[in-house]
Amino acid sequence: MKRLSRYRRHRAAAPLLLIFALLGIGTTFQVAGATTTSPMTAEERTAAIEEGKEIFLRGCSSCHGLNAEGGPIAPSLIGVGAASVDFQVATGRMPMADMSQQAMRKAPVYTDEEVAALAAYVASLAPGPEIPTEEMLNYERDGELAEGGELFRTNCAMCHNFAGQGGALTQGKYAPSVMGVKPVHIYEAMITGPQAMPVFSDKTLTPKEKLSIIKWIKHAEKEPQLGGVALGRVGPVTEGLLVWTLGLGLLIGIAVWLATKAK
Amino acid sequence: MSARERIAGNVANYVDERTGAAAWMKKNLQKVFPDHWSFMLGEIALYSFVILLLSGTFLTFWFDPSMREVVYEGSYEPLQGLEMSAAYASALDISFEVRGGLLMRQIHHWAALIFMAAIVVHLMRVFFTGAFRKPREFNWIIGIGLLTLGIVEGFLGYSLPDDLLSGTGIRIAEAIIQAVPVVGSYLSYFIFGGAFPGYTFIPRIYTVHILILPGIFLALITVHLMLVWYQKHTQYPGPGRTEKNVVGYPLLPIYMAKAGGFFFIVFGVTALLGAVASINPIWLYGPYTPGQVSAGSQPDWYMGWLDGLVRMAPPLEPVIFGYTLSLNILIPGLILPGIIFTGMALYPFIEQWITGDKREHHLLDRPRNAPNRTALGVMSLTFMMIALINGGNDLIATNFDLSINQIMWFSRIGIIVLPPIAFIVTKRICLSLQRADRELVLHGRETGRLVMMPSGEFVEVHEPISPEKAWLLTQHEQNAPLQLEDTDARGVRRPGLLKSKLRKRFSVAHAEQVAKPTVADLKEIEHH
């Protein structure tokens with residue numbers, strides 16, 4: 001011990017110490033990180049791609065083509081990335097129920113494993129946006145609530161409404177409600193721009209800003225109905241309906257009752 | 001006489017000796033008002049106005065009408081740390097920090113919606129029963145004035161909290177102002193004190209909202225009621241009711257008690273809505289920033305028709321001598337409302353011109369007995385309803401899985417095609433109802449009892465109606481179209497022939513009706 005302390009003021013001591021510290025942190029992080037996410041091994045990945053291809057050929061290829069090259073009624077999936085597949089399939093939008101204006105959110109057709117396999121297959125065709133990991137989605141820790149609201153109103157509210165209830169677009173298309181959507185799917189929607197939605201790249205909205213938006217949405221979801229029944233949070237239309245039905249209906253009813261002659 | 005009665009008598013005497021109030025009170029407290037539920041619609045508007053004054057005064061204690069930028073530090077977490085105007089911050093404080101503030105804000109807003117709805121229903125009653133006829137034309141115009149000012153007042157109130165929705169509304173108002181040819185941009189700079197949004201409009205509209213317009217309202221409502229008092233209330237036709245009398249209850253105690261009680265009922269219903277239903281959740285909208293807008297930004301219902309008209313306007317923007325003329329905003333935003341409100345205000349005079357009827361009317365029309373007027377009213381309401389529905393086209397599209405474009409095209413075509421259809425259908429229905437009345441008088445009520453005649457024939461037994469009912473069904477006047485000669489006695493064409501021809505055609509259309517049964521008709525029936 002004495003021998004070691006002799007060198008404590010050595011010129012190389014500080015850099016060496018720094019290197020050891022960094023190594024220590026790096027190793028810990030690696031070990032800790034490995035426990036939360038389990039990267040697929042090469043074999044697993046190959047197997048998933050194989051499985052995904054099979055599912056794809058069975059369920060998707062009739063529209064998207066045998067090699068995902070697209071067709072007259074469906075776009076090419078080469079380069080759309082795993083995030084796109086996860087968003088479309090895990091929210092039930094794909095496979096589509098019918099050829100209407102827009103694929104709607106419904107109960108998913110495939111299990112989580114099947115979605116993962118499909119995503120792995122499509123991602124293997126060409127590079128594209130990856131599914132964000134749990135670590136990337138810690139919005140409670142990394143997001144700012146008020147900033148998220150501000151960003152939502154600036155970037156999202158024009159289609160999804162001020163409270164995220166959704167709204168109409170042209171020709172029967174619509175921006176769906178963002179209430180009750182998993183954070184990972186909100187994130188994927190922002191990075192892939194499904195259907196009529198634009199892509200919000202990391203240059204437009206940084207990952208932290210995306211998390212702020214998710215945090216605000218999640219907060220809005222569980223916000224109690226301040227001030228009474230929320231009437232759908234869609235603005236004055238439902239308020240006007242209520243005033244003409246319940247409000248004036250009640251008052252006119254009472255007026256009729258008051259003017260009835262006693263029998 | 002008890003001591004208490006003596007004291008009360010002394011006080012009354014003291015006041016009377018100095019003001020002479022007793023004679024006036026005696027006369028006026030016994031004034032008779034006819035009783036009908038539809039005569040209480042205006043009362044709903046009046047009481048909502050009182051509620052608006054009371055709740056509005058409460059709000060002024062905490063509202064800060066300033067566009068000074070502040071950082072929000074109140075208790076609503078999702079807005080903490082955001083920069084906003086003092087107006088918005090104080091509106092949030094009223095909602096979350098002031099005891100009872102949110103309830104008062106909601107009562108104020110619900111009362112405004114009820115106020116406007118009650119005005120519209122009251123106006124419909126007055127129109128369809130012909131209560132606007134001589135001598136009440138001025139009161140009709142005052143009523144139209146109150147309706148118009150109510151729309152403006154409501155819109156200013158909607159704009160005051162300076163949240164995202166109110167800012168969007170103000171922005172649209174600015175667009176409509178700018179659409180005025182030549183002076184539009186100057187007017188806009190004048191109103192906003194510079195470029196939109198500027199720093200002045202909140203304090204300005206606040207003064208107009210809480211001082212100028214309520215003052216004008218008070219004055220107009222006072223005159224409105226004084227005229228009702230002076231001209232006496234109209235009444236529905238019935239046995240014993242004539243153009244010269246008023247059948248009803250005295251003001252004191254019956255009408256006082258009814259009206260007083262009704263005030264508390266209106267207050268109760270408004271408070272109930274304010275307590276259980278959220279209205280204008282400004283905290284969700286966030287502070288106004290010109291760069292933001294929400295999907296489905298709508299005005300309150302009484303301006304929804306205006307929004308609907310703007311939404312359906314085709315993109316007409318001709319460039320004339322290098323200047324853009326925004327007809328797409330100008331026509332739906334200013335010209336059409338101008339025509340609608342002027343037409344409404346002038347209607348009593350237009351009808352007088354058509355019928356040539358200069359007599360006083362205190363007995364109301366049954367709507368079916370004025371088919372042309374009723375049809376005209378339903379036609380106008382159809383127009384407004386289509387405009388109003390188009391104002392919510394985005395919500396209709398998302399809730400009923402429709403395309404917003406299809407709804408817009410439906411409205412564009414419908415607003416031209418459907419009102420005339422509504423006119424024709426209503427007029428036919430009115431005439432059919434007249435025919436049914438005639439049947440009823442001549443043949444009596446169908447009892448539903450079938451009797452088999454000795455010959456084997458089945459007939460339904462008809463029961464004669466009561467004399468009161470028969471009177472009600474036959475009391476109306478038989479209008480005759482105006483007799484306008486194209487030429488004078490010497491066979492010379494009169495000046496203004498086109499106008500006279502037009503008047504004649506209107507007059508014939510207006511006088512169209514089923515002849516009411518005469519005594520001779522009845523006698524003849526009895527012979528069968």
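Guide: Here is how some of the labels come about.

Guide: This is a predicted model: local features need pLDDT of at least 70, side-chain atom pairs count only at pLDDT 80 or more, and totals for chains, interfaces and linings use all residues. Residues are numbered from 1 along each chain as its sequence is written, with chains lettered from A and ligands numbered from 1 in the order in which they are written.

Visitor: What makes a residue of chain B count as buried, and what share of chain B is buried?

Guide: A residue is buried if 20 or more other C-beta atoms, placed from the backbone, lie within 10 Å of its own. In chain B, 38% of the 528 residues are buried.

Visitor: How do you know which residues of chains A and B are in the contact?

Guide: Two residues are in contact if their C-beta atoms, placed from the backbone, lie within 7 Å. That takes in 49 residues from chain A and 57 from chain B. Helix 12 of chain A gives the most to the side of chain A that touches chain B, with 16 residues.

Visitor: What share of contacts in chain B join residues at least 24 apart?

Guide: Among contacts between residues at least 6 apart in sequence, 72% do.

Visitor: And what are the spans of the C-alpha trace of chain B?

Guide: Along its principal axes, about 90 × 85 × 65 Å.

Technical notes. Helix = DSSP H or I, 4+ residues; strand = E, 2+ residues; numbered from the N terminus. Buried ≥ 20, exposed ≤ 12 C-beta atoms within 10 Å, placed from the backbone.
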